[in-house]
Amino acid sequence: MPREAAKTGPALSGDHADAPTLTALRRQAEGCERCDLYKNATQLVFGEGAADARIVLVGEQPGDREDLAGHPFVGPAGRVLDECLHEAGIDRSDCYVTNAVKHFKFEQRGKRRLHARPNAGEIERCAWWLGAELNQLRPEIVVALGATALLSLLGRRVGVTRNRGEFITTPGGYPVLVTIHPSYLLRIRDRADADAERARFVSDLTRIADRVG
Ligand code: SF4
């Protein structure tokens, strides 16, 4: 049985942007100054996928590659996500892929730009766009890939470790599947541990296929 969350996060409650289409929404977001992250990022990285996608995958924020390319999940984590979706029997054309935060947050170290985790205020500000994407798409399932997505969707009462692999339903919302962000798999040094965690991630994703058929 799916568990019901007593409260939702900012992406599933309160006000959100409004536009007639996803394309119009993206155009609005290109001028966003709701937090400071637009100042240093190369460009906005909005969600992508079919307007009738049944599954919405929500990550954290664009990484270095995504920031330069202007597309979500095109770097190493995106490659892992694609492979694991395929292994779980999920067709990418059924998915819309986005992030909780639409601009890349990083710390400059010499020539390198190191990922920096968005804070709660930035996540809340950017939920203005994630909530609007979900309002447009009205998917059958939302997948929270990691803690930032989970905070935006379901707030603080749900945790990746505690609720991983579960569907959490929300009042008037969507079933949210809780799992890790695929970048986590890239950080595991031990080969056996990495293989085991990858298999567990595929198993989590298989629950989507079981549900949408
Ligand atoms: S990160 Fe989100 S809220 Fe902040 S400026 Fe970018 S689009 Fe706007």
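I count two residues as in contact if their C-beta atoms, placed from the backbone, lie within 7 Å. Noted at the start: this is a predicted model.

**Entry: Val176.** I looked up its partners, leaving aside neighbours within four places in sequence. Val176 is in contact with Val142, Ala144, Leu153, Leu154, Phe167, Ile168 and Thr170.

**Entry: the core.** Next I checked where Val176 sits in the nonpolar packing. The largest nonpolar core has 59 residues, and Val176 is among those with the most contacts inside it. Val58, Val142, Val143, Ala144, Leu150 and Leu153 are listed with it. Nonpolar side chains do tend to be buried together in soluble globular proteins.

**Entry: helix α4.** I followed α4 along residues 120–137. Is α4 enclosed or open? I find 13 of its 18 residues buried, so the helix is largely enclosed by the rest of the structure. I checked its length too: at 1.5 Å a residue α4 should span 26 Å, and its end C-alpha atoms are 25 Å apart, which agrees. There is a bend of about 40° at Ala127. After the helix comes Arg138, with a positive phi near 45°.

**Entry: the ligand.** I then turned to the 15 residues around the ligand, where Cys32, Arg34, Cys35, His103 and Cys126 come nearest. By class I get 9 nonpolar, 1 polar and 5 charged residues in the shell. Helix α4 shows up again here, giving the most to the shell with 4 residues.

Methods
Residues numbered from 1 in each chain as written. Predicted model: local features only at pLDDT ≥ 70, side-chain atom pairs only at ≥ 80, totals over all residues. Near = placed C-beta within 6 Å. Helix = DSSP H or I, 4+ residues; strand = E, 2+ residues; numbered from the N terminus. Nonpolar A, V, L, I, M, F, W, Y, C, P; charged D, E, K, R; others polar. Expected span 1.5 Å × (residues − 1). Bend = angle between axes of the 7 residues up to and from the residue. Buried ≥ 20, exposed ≤ 12 C-beta atoms within 10 Å, placed from the backbone. Core = buried A, V, L, I, M, F, W, Y, C linked by C-beta atoms within 7 Å.
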